[in-house]
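Q: Please go through the terms used for this structure one at a time. For each, set the value against the cut-off and conclude.

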Amino acid sequence: MEKTVSLAAELRSAWIDQAQRSPYISFGLAGAVLVILALIIASVVSAVSGGNTINLRHALLGGTAGFLATSLGAFLGLSMKAISVRRQDSMLGFAAGMMLAAAAFSLILPGIAAAEDILGNSMAAAATVAIGLGLGVVLMLGLDYFTPHHHEISGHHGPAFDRISRVWLFVLAITLHNIPEGMAIGVGFAAGDMPVGLSIASAIAIQDIPEGLAVALALRTTGLSAMRSALVAAATGLMEPLGALIGIGMSSAFAVAYPVSMGLAAGAMIFVVSHEVIPETHRNGHQTSATIGLMVGFGVMMFLDTALG
């Protein structure tokens with residue numbers, strides 16, 4: 001118990017020190033979290049009292065699909081000792097391409113169209129979604145700043161916290177970026193547009209399978225059993241239903257919040273692809289395989305988005 005308390009106290013001290021170094025980022029992140037929580041409460045109340053439970057249910061089902069895909073990848077690790085790094089990088093590149101296409105064709109363009117219907121001006125519509133993009137980046141920068149995690153090339157990021165191993169920092173990074181993925185799913189289902197919601201949820205679920213497998217295999221190196229590694233890897237996907245609830249909460253509060261939220265979800269997804277996924281696929285010298293996978297994934301998602309509506 002003393003070790004647990006000491007661990008929590010050390011983490012709290014690291015967060016306080018990080019906040020004192022950058023108070024503006026701290027206040028910005030705290031404000032964004034408070035606004036998001038208020039919007040979640042408002043959306044749940046609105047859904048329950050106004051009969052809008054269908055969209056809320058679809059968003060939660062979409063987030064749950066992401067969790068199940070992560071779990072599938074995690075438990076696939078029970079049947080294999082390893083997966084070739086080249087194949088893993090190609091799969092992640094494919095998923096990154098699908099996420100980029102989903103951000104462009106399922107979030108940004110529909111967001112601009114929705115904002116133009118509300119505001120009646122194309123420039124104002126583009127500016128509205130651009131503001132959302134910026135908010136998504138700011139939110140992810142804040143989370144990135146306050147969550148201890150590890151990148152293979154650039155090393156440790158976030159608060160100085162030496163008692164967490166590099167593997168567990170990698171798990172934290174995966175958990176962190178599952179939140180905006182869930183947000184994107186929630187925003188996609190917020191207006192009741194099934195083609196948009198399904199295309200985003202499909203892209204993210206496909207990406208979650210190799211991700212869950214990678215986390216499960218990485219955790220084995222810490223001494224965890226194969227079953228425990230799979231269970232922990234699967235648990236990282238629980239952030240996606242939570243993120244879906246956040247996403248639908250942000251976009252359901254008032255009319256213009258919908259295009260802003262679509263921009264925010266797109267900005268968060270693009271940030272994750274650029275900041276987490278692409279560097280991970282390039283660090284082993286498999287840039288060509290990863291890039292080909294990205295282009296194929298982008299093309300497949302673009303085709304699916306067009307075919308679905």
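Q: Where does D208 lie, and why is D208 called buried?
A: The model is a predicted one, and in it D208 belongs to helix 7. Buried means under 20% relative accessible area. D208 has 0% relative accessibility, so D208 counts as buried.

Q: Which residues is D208 in contact with, leaving aside its neighbours within four places in sequence?
A: D208 is in contact with G66, A69, T70, N178, E181 and E240. Contact here requires heavy atoms within 4.5 Å.

Q: What makes N55 buried?
A: Its relative accessibility is 13%, and the cut-off is under 20%. N55 therefore counts as buried. N55 is placed in helix 3, and beyond four places in sequence N55 touches F189, A190, A191, G192 and I248.

Q: Why is L29 called buried?
A: L29 has a relative accessible area of 14%, to be set against the limit of under 20%. L29 is therefore buried. L29 lies in helix 2, residues 23–50.

Q: How far apart are L29 and G142 in sequence and in space?
A: In sequence, L29 and G142 are 113 residues apart. In space, their C-alpha atoms are 5.6 Å apart.

Q: Is F303 buried or exposed, and what decides it?
A: The limit for exposed is over 50% relative accessible area. F303 stands at 58%, so F303 counts as exposed. F303 is found in helix 11, residues 287–308.

Q: Which residues form the nonpolar patch on the surface, and what accessible area do they have together?
A: The patch consists of I292, V296, V300, F303 and L304. Together they have about 430 Å² of accessible area.

Q: What makes a set of residues a nonpolar core, and which members of the largest one touch the most others?
A: A core joins buried nonpolar residues through side-chain atoms within 4.5 Å. The largest has 44 residues, and L107, A184, I200 and M269 touch the most other members. Elements giving two or more residues to this core include helix 4 (85–119), helix 6 (166–190) and helix 10 (257–282). Helix 10 supplies the largest share, 11 residues. Apart from this core lies another, of 7 residues, including A216, L219, A230 and A233.

Q: What is I200 in contact with, leaving aside its neighbours within four places in sequence?
A: I200 is in contact with A102, S106, L107, A184, I185 and G188.

Q: How do you know which residues carry the annotation "transmembrane region"?
A: The annotation comes from an unreviewed UniProt entry. Among the spans in that entry are residues 91–112 and 256–278. In the model, residues 91–112 are 100% helix and 0% strand, with end C-alpha atoms 31 Å apart. Residues 256–278 are 96% helix and 0% strand, and their end C-alpha atoms are 32 Å apart.

Q: How many helices and strands does the protein chain have, and what pattern do they follow?
A: There are 11 helices and 2 strands. Along the sequence the pattern is α-α-α-α-α-β-β-α-α-α-α-α-α.

Q: What share of the protein chain is buried, and what is its accessible surface?
A: Of the 309 residues, 47% are buried. The accessible surface comes to about 14,000 Å², and 70% of that belongs to carbon and sulfur atoms. Of contacts between residues at least 6 apart in sequence, 80% join residues at least 24 apart.

Terms used: Residues numbered from 1 in each chain as written. Heavy atoms only, no water. Patch = residues over 30% accessible without salt bridge, like charges linked within 9 Å, V, L, I, M, F, W, Y side chains within 5 Å. Areas by Shrake-Rupley, 256 points an atom, 1.4 Å probe, with all protein chains shown as cover. Salt bridge = Lys/Arg side-chain N within 4 Å of Asp/Glu carboxyl O. Helix = DSSP H or I, 4+ residues; strand = E, 2+ residues; numbered from the N terminus. Buried < 20%, exposed > 50% of the residue type's maximum accessible area, 1.4 Å probe, protein only. UniProt positions renumbered as here; feature names shortened; annotations may be inferred.
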